[in-house]
Amino acid sequence: MKRMRLVEEEIARRYPAGDMRCPTHLSVGQEAVAAGVGLALRQTDLAVSGHRAHAHYLGKGGNLKAMLAEIYGKSTGCSRGKGGSMHLIDESVGFMGSTAIVAGTIPVGVGLAYGMKCKRSDQVSCIFHGDAAVEAGVFFESVNFAVVKKLPVLFLCENNLYSVYSPLNVRQPKGRSIAKMAEGLGMKCSTGDGNDVAEVYAKTSEALDSIRSGGGPQLIEFSTYRWLEHCGPNYDNDLGYRTEAEYLSWKAQDPIARFESVHLTGGIVSAAEVGRMNLDIEREVSLAFEFADASPFPDAASAYTDLHHIESTVTGIQPESVRA
Amino acid sequence: MVMKTFAAAINDALTVAMELDSNVLCYGLGVDDPKGVFGTTLGLKEKFGSERVFDMPTSENAMTGIGIGAALYGMRPIMTHQRLDFALLSMDQLVNNAAKWRFMFGGQRGVPLTVRMILGRGWGQGPTHSQNLQAWFAHVPGLKVVMPSTAEDAKGLLLSSIFDPDPVIFLEHRWLHNLHGEVPEGDCRTPIGKVRRLREGSDLTIVAMSYMTIEAVHAVDHLALQDVSCDLIDLRSVRPIDWEAIADSVQRTGRLLVLDSGNLTGSISGEIVARVSSDCWDALKCGPQRLAMPDYPEATSPSMTAGYHVRAEHIAEKIGAMLSRKVEFASLKQQRKHPHDVPGDWFSGPF
């Protein structure tokens with residue numbers, strides 16, 4: 001959690017310099033879900049996510065240097081500069097991709113699970129999505145198929161109450177629970193405190209055990225809150241779409257502070273150890289930024305690669321020229 | 001070589017692919033029903049089981065994304081739509097995910113997904129069961145778009161599509177399904193992106209696609225008896241387009257007529273005329289011409305479709321005009337005994 005937080009705080013600090021030239025959606029305040037789920041998943045399990053994916057990627061074990069280099073548009077980026085913040089991938093740890101269209105990876109995650117079923121694998125496919133994604137038709141279509149075929153899928157819903165500036169109450173009926181609604185589609189659903197990392201880990205582990213043993217897909221809805229603006233490094237409570245009081249009440253539930261205080265109070269970890277952890281993380285983050293900074297940009301010609309497996313020799317599919 | 005129909009050739013290709021590779025999946029609405037998508041998927045479930053051959057929920061968009069996910073996992077899914085029109089619900093997954101995946105993740109993994117869509121015309125298919133929207137798909141970098149015209153190519157191009165490492169939109173025209181042709185046995189692949197020259201000639205180049213190729217053959221053979229010599233090129237794929245072959249032909253003939261099964265504006269035919277005009281300007285003896293569907297949806301009543309579609313007589317008439325020669329073309333229409341809105345006597349509906 002702390003690593004995710006420090007990485008994103010550093011992104012926010014450096015963002016105004018203008019060198020991260022892509023839309024960047026930060027997860028500050030929501031780290032417990034990514035950390036708890038990431039820990040509960042096996043490395044061989046697969047995960048997909050959406051536009052706000054830094055924490056999911058890191059939680060699954062994704063390479064930090066490659067993520068930052070990607071945000072900076074460098075050739076060492078996890079998508080070689082072609083994807084940016086919204087298109088993260090690290091297949092070596094089972095993070096199969098995040099994309100920018102809300103709900104766009106939900107069926108992809110279900111398709112991965114169909115492959116697992118065909119291959120008799122014991123993997124689980126975890127689909128990170130938000131509260132707005134369940135408003136998309138493709139969510140219902142995908143859940144339906146996963147239920148019909150009893151696929152090993154975990155729909156992991158992070159409900160942070162807002163889609164850009166649109167609150168939940170203008171998008172979904174008052175009082176309706178996402179988990180309850182999804183239960184109506186025929187799968188086991190549960191809810192949890194998304195700012196309590198121990199609860200996230202426990203509930204996710206329990207769901208994964210059931211899914212892995214052939215129990216069919218499940219959905220867990222974790223409540224959490226985005227501290228920063230939808231896209232970008234700033235606090236935006238001044239815009240008036242949500243109140244300062246609401247933000248402060250969620251900030252008081254800071255998942256990192258909560259976790260830390262429980263462990264300090266219980267004597268499980270000392271303040272000195274926490275300090276050392278912070279220093280270690282800061283050093284790692286700093287080195288990762290240095291790596292991203294020092295990495296070269298892809299050359300202009302590489303804009304015209306990677307469209308097909310082997311660039312076709314047929315004219316018309318190759319670029320006519322590389323524009324300077 | 002065995003004589004079989006276009007539909008049987010599709011079935012043959014699916015069978016060969018599924019025998020060759022246990023990762024090949026075949027799904028879509030009705031693939032295992034008693035009709036088997038116009039016979040193209042009959043018997044597959046019995047041979048390969050219900051995990052590899054399955055009917056699906058009416059969820060075109062998700063089922064396309066599920067195909068993408070399965071492809072990323074290492075499967076080779078073939079999804080089938082009984083009408084192209086139904087696949088429009090899946091444009092998000094096709095355009096934003098299938099076409100982009102390899103590119104946007106820096107070339108790490110492609111999506112070997114084949115999506116069969118059936119095109120049509122006539123027999124009351126009307127505004128939303130007859131659309132030929134190949135230009136939509138061809139506009140998207142990352143997709144390949146294949147349109148076979150013969151039974152042999154139906155098999156060869158489908159096999160190439162299935163084993164292509166990237167997504168392919170495979171468009172088969174309903175009016176071709178009963179067409180017979182010699183088809184090689186076993187694993188025979190037609191390369192994607194290469195035209196087939198069906199007739200050689202020197203007066204004029206015709207570039208056609210899918211069912212329009214068949215109408216063109218009738219027109220070209222009819223005009224050959226009147227000493228008009230046409231070079232007839234079957235595109236076979238509309239992305240990529242085999243520009244070299246088209247340019248070679250136009251350099252020799254100096255005249256270009258493009259036949260498109262879709263609506264005129266924004267069509268593949270427009271792209272070909274533009275490219276040839278840019279690249280072969282000096283060789284052209286007259287302005288390149290096109291015949292396509294009008295810029296209107298197709299109506300349902302037969303009384304309104306009689307003049308809507310391009311037939312062999314229209315092609316012959318246009319060729320005569322381009323050559324400034326008086327040619328006989330009316331008999332092409334008179335020879336046809338079946339109604340104008342069906343492909344032949346074999347066709348009795350309801351599809």
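I took the centres of domain 1 of chain B and domain 2 of chain B over C-alpha atoms and found them 27 Å apart. The model is predicted. For the bounds, I noted 2-183 for domain 1 and 197-335 for domain 2.

Next I looked up the contact between these two domains. Domain 1 of chain B puts in 27 residues and domain 2 of chain B puts in 23. On the domain 1 side, I listed the elements that give two or more residues: α7 (134-138), β6 (144-146), α8 (151-162) and β7 (168-173) of chain B. I then sorted the residues of that side by type and got 15 nonpolar, nine polar and three charged.

I moved on to a strand pair in chain B. Strand β13 (residues 256-263) runs parallel to strand β14 (residues 289-293), and four bridges join them. I checked B:L259 and found B:L291 of β14(B) opposite. With helix α11 (residues 268-279) of chain B, the strands β13(B) and β14(B) form a β-α-β unit, which I recorded as right-handed.

Last entry: the contact between the chains. I have 38 residues of chain B touching 39 residues of chain A. On the chain B side, α3 (60-73), α5 (91-98), α6 (101-104) and α10 (243-253) each supply at least two residues. Of the elements there, α3(B) gives the most, with 11 residues. By type, I noted 17 nonpolar, 15 polar and six charged residues on the side of chain B that touches chain A.

Methods:
Residues are numbered from 1 along each chain as its sequence is written. Chains are lettered from A and ligands numbered from 1 in the order in which they are written. This is a predicted model: local features need pLDDT of at least 70, side-chain atom pairs count only at pLDDT 80 or more; totals for chains, interfaces and linings use all residues. Domain bounds come from an automatic or database domain assignment. Two residues are in contact if their C-beta atoms, placed from the backbone, lie within 7 Å. Ala, Val, Leu, Ile, Met, Phe, Trp, Tyr, Cys and Pro count as nonpolar, Asp, Glu, Lys and Arg as charged, and the others, Gly among them, as polar. Two strands pair if DSSP finds at least two bridges between them. A crossover is right-handed if, with the strands pointing away from the viewer, the path from the first strand over the helix to the second runs clockwise.
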